[in-house]
Amino acid sequence: MARRTRPQQPFAGWDKAEIDLTNARWRSGSRGIGDVQIAFVEGFIAMRNAGRPASRPLVFTPLEWRAFVVNTRHGEFDAGAARGAV
């Protein structure tokens, strides 16, 4: 039986411009020991799952990225900080 999926829609409040990540230079977010890659593109920070590079990355403004990093260092992870994915 085939599974039906709905197209992914941005979260409410998503107001970032579409960012072209075609030529992004992805780097390991954890010195090569984790599953996260990040790229710096057009003043934004994109984060993706290294194990699934075709999946949609989360895109942060610099302020959102700082808040995300500070909170994760304190053991808190709030996916709402990203407000969606590009």
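## Strands and overall layout

Two strands pair if DSSP finds at least two bridges between them, and the strands themselves (E, at least two residues), like the helices (H or I, at least four residues), are DSSP runs numbered from the N terminus. The model described here is predicted, so local features need pLDDT of at least 70 and side-chain atom pairs count only at pLDDT 80 or more, while totals for chains, interfaces and linings use all residues. Residues are numbered from 1 along each chain as its sequence is written, and side-chain values use heavy atoms, with hydrogens and water left out.

The chain contains one helix and four strands, which follow one another along the sequence in the pattern β-β-β-β-α. Of its 86 residues, 30% count as buried, a word that stands for under 20% relative accessible area, with exposed meaning over 50% and partly exposed the range in between (1.4 Å probe, protein chains only). Among the contacts in the chain (heavy atoms within 4.5 Å) with a separation of 6 or more, 33% are between residues 24 or more positions apart.

## The sheet

The four strands make up an open sheet in the order β1-β2-β3-β4, and the pairing is antiparallel. At its edges are β1 and β4 (58-60), each of which pairs on one side only. Strand β1 (27-28) is joined in the antiparallel sense to β2 over two bridges, and R27 has I38 in β2 as its bridge partner.

Strand β2 (residues 36-41) and strand β3 (residues 44-49) run antiparallel and are joined by six bridges. Several of the facing residues can be followed along this pair: V36 has N49 of β3 as its bridge partner, A39 stands opposite A46, and F40 stands opposite I45. The hairpin of β2 and β3 has two residues between the strands, and in this hairpin E42 takes a positive phi near 50°.

Helix α1 (residues 62-73) lies across β2, β3 and β4, and runs at about 110° to β4; the angle is taken on a scale from 0 to 180 degrees between N-to-C directions, using axes fitted to C-alpha atoms, for helices over the stretch in contact.

The second largest pocket is lined by G29, S30, V36, I38, M47, W65, F68, V69, T72 and R73. A pocket here is an open set of points on a 1 Å grid over the protein atoms alone, where a 1.4 Å probe fits and protein lies on both sides within 12 Å along at least five of seven lines, and lining residues have an atom within 4 Å of a point. Both β2 and α1 supply at least two residues of this lining, and α1 provides the largest share, five residues.

T22 counts as exposed because its relative accessibility is 63%, whereas D20 counts as partly exposed because its value is 47%. Their side chains are joined by a polar contact of 2.4 Å, a term for a pair of N or O atoms within 3.5 Å of which, within protein, one must be able to donate a hydrogen and the other to accept it, with residues adjacent in sequence counting only if both atoms are side-chain atoms.

Leaving aside its neighbours within four places in sequence, D20 is in contact with V41 and E42. The C-alpha atoms of D20 and V41 are separated by 8.1 Å, although the two residues are 21 residues apart along the chain. Of these two partners, E42 is the residue with the positive phi near 50° in the hairpin of β2 and β3.
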